[in-house]
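Walk through this model from its overall make-up to single residues. Keep the sequence and the 3D view side by side.

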Amino acid sequence: MADDQQMDRLRRLRAARGTGATRVEVYTPGKSGTQGGGPLYVAPRGGGHAGAMAALLLILVIAIGVIGAGGYVLHQFHSSVGGPRKEVRFVVRPGETVSSVATELSQAGLVSSGFLFQLYYRFNGGAGNIVAGPHLLNTDMSMQQVADALRQVPPAPPPVDHSQDYNILPGHRAEEIATDLAAGGAVSYNAFMNQVRHGSFNYWFLKGRPPGASVEGFLYPGLYHLHKHFDAHTLVNMMLANFAAHFTPAMHAQAAKRHMSAFDIVTMASIVQRESSIPIVEQYIAGTYYNRLNNSAVVSNRLNADPTVQYALGYRPQEKTWWERSLSQTQTGSTISPYNTYLNSGLPPGPISEPGASALNAALNPAPSQFLFFQAFGKDNKTHFCVTLDCQNNEAGVTVN
């Protein structure tokens, strides 16, 4: 009987080895039931190798995840946010933390992640390298390029240019210049005209003016670079200095040979300037006017110059111009003014416009002729010069253009 029990125990142990994790009972001869009152679990054969493989697999999965995450982070470091390019003026405030800067960069759309920017910056020198000030960034920059830009001292902003160019044209009168300057915001109309009429300026060519005369005629035309709210006295002085630079001592000597002052020459040039802007025509017109001043028999030493009457008439509100476009014989014969050279002999009291270089040259170097009359820009768009009035009325005579 005991042998049978022994054999039965051996069979059960063999069966246990051939199965997986099986609940078995340890048999103790002479005792029934289980050892210690509870079952034992026997590990399956070869179970230690399977556990090692599982652990290696878990480590591999974690490594792949870490490598993938690292690759993503590196890609973000060296990539821009994408999309249409946008320029952003990004300002770093003094003492600002890298966390705050990173958040604002993300909100401005300059980096894909504020957290990743902080991570990059801390791995590459920390927040202490951020330079306060305005930085010009754009959405095409990578996170690395943004970080590098914030380490650089921002370039000084270009000075704000509030200036404007004003081209003062020959033949304009002071009021026209004042209107243009005021429209652009350089100086007020009244401030400019007050300096033209009453300003005190120390230039040799102004010493020959009659008492109370303005500086009309000496406001040299050309390009002036001004800014808003320019000082009116300084501006008028600039124009007079420009005149001084162009009206040379040699020109002053030429005027003296004609027994004329600089003021007289400028007055003649201002009238010529209103008649034409073609240099050769200007010289013949100046010669004709000088002939009239010296002729008492035909024209009573009168210039009979339309521009002087236009100047006397002043602003024409109907035509919105300072120069009457269609001057009539009634106006030339009835406009009472010392500037009306149809009624008064000699030169008018002063210049009527701002002459340019060619008109000043014409007043100093008139073309010699016997002409007393001319028709500027006739039907053929040419200027006709004549010795008689009938010739002028018929647009005959010598044409110059």
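This is a predicted model: local features need pLDDT of at least 70, side-chain atom pairs count only at pLDDT 80 or more; totals for chains, interfaces and linings use all residues.

Residues are numbered from 1 along each chain as its sequence is written, and side-chain values use heavy atoms, with hydrogens and water left out.

Start with the chain. It holds 15 helices and nine strands. These are DSSP runs, numbered from the N terminus: helices are H or I with at least four residues, strands are E with at least two. Of the 401 residues, 38% count as buried. Buried means under 20% relative accessible area, exposed over 50%, and partly exposed in between, with a 1.4 Å probe and protein chains only. The accessible surface comes to about 22,300 Å², and 56% of that belongs to carbon and sulfur atoms. Areas come from the Shrake-Rupley method with a 1.4 Å probe; for residues, only the protein chains shown count as cover. Among contacts (heavy atoms within 4.5 Å) between residues at least 6 apart in sequence, 61% join residues at least 24 apart.

Now look inside. The largest nonpolar core has 61 residues. Such a core is a set of buried Ala, Val, Leu, Ile, Met, Phe, Trp, Tyr and Cys residues joined through side-chain atoms within 4.5 Å. L181, F192, L219, L240 and Y289 have the most contacts inside the largest core. Its largest share, eight residues, comes from α10. Apart from this core lies another, of 21 residues, including L105 and Y120.

Take F192 in the 61-residue core. Leaving out residues up to four places away in sequence, F192 touches A174, I177, A178, L181, V187, L219, A232, L235, V236 and M239. Q195 sits in helix α7 (residues 189–198). Q195 is buried, at 15% relative accessible area. With the sequence neighbours up to four places away again set aside, Q195 touches F201, A232, H233 and V236.

Where is the largest pocket lined? A pocket is found on a 1 Å grid over the protein atoms alone: it is an open set of points where a 1.4 Å probe fits, with protein on both sides within 12 Å along at least five of seven lines, and lining residues have an atom within 4 Å of a point. The largest pocket is lined by 25 residues, and N304, D306, Y342, Q375 and Q392 lie nearest its centre. Elements giving two or more residues to this lining are α10 (262–275), α11 (279–293), α12 (306–313), α13 (329–334), β7 (373–375) and α15 (389–393).

Just after α12, G314 takes a positive phi of about 75 degrees.

E282 lies in helix α11. E282 is buried, at 0% relative accessibility. Beyond residues up to four places away in sequence, E282 touches V272, Q273, S276, S277, S358, A359 and A362. E282 and V400 are 118 residues apart in sequence and 9.8 Å apart in space, C-alpha to C-alpha.

Finish in the loops. H259 lies between α9 (249–257) and α10. H259 is not a glycine, yet has a positive phi of about 60 degrees. H259 is exposed, with a relative accessible area of 76%. S300 lies in the loop between α11 and α12. Its phi is also positive, near 55 degrees. S300 counts as partly exposed, at 35% relative accessibility.
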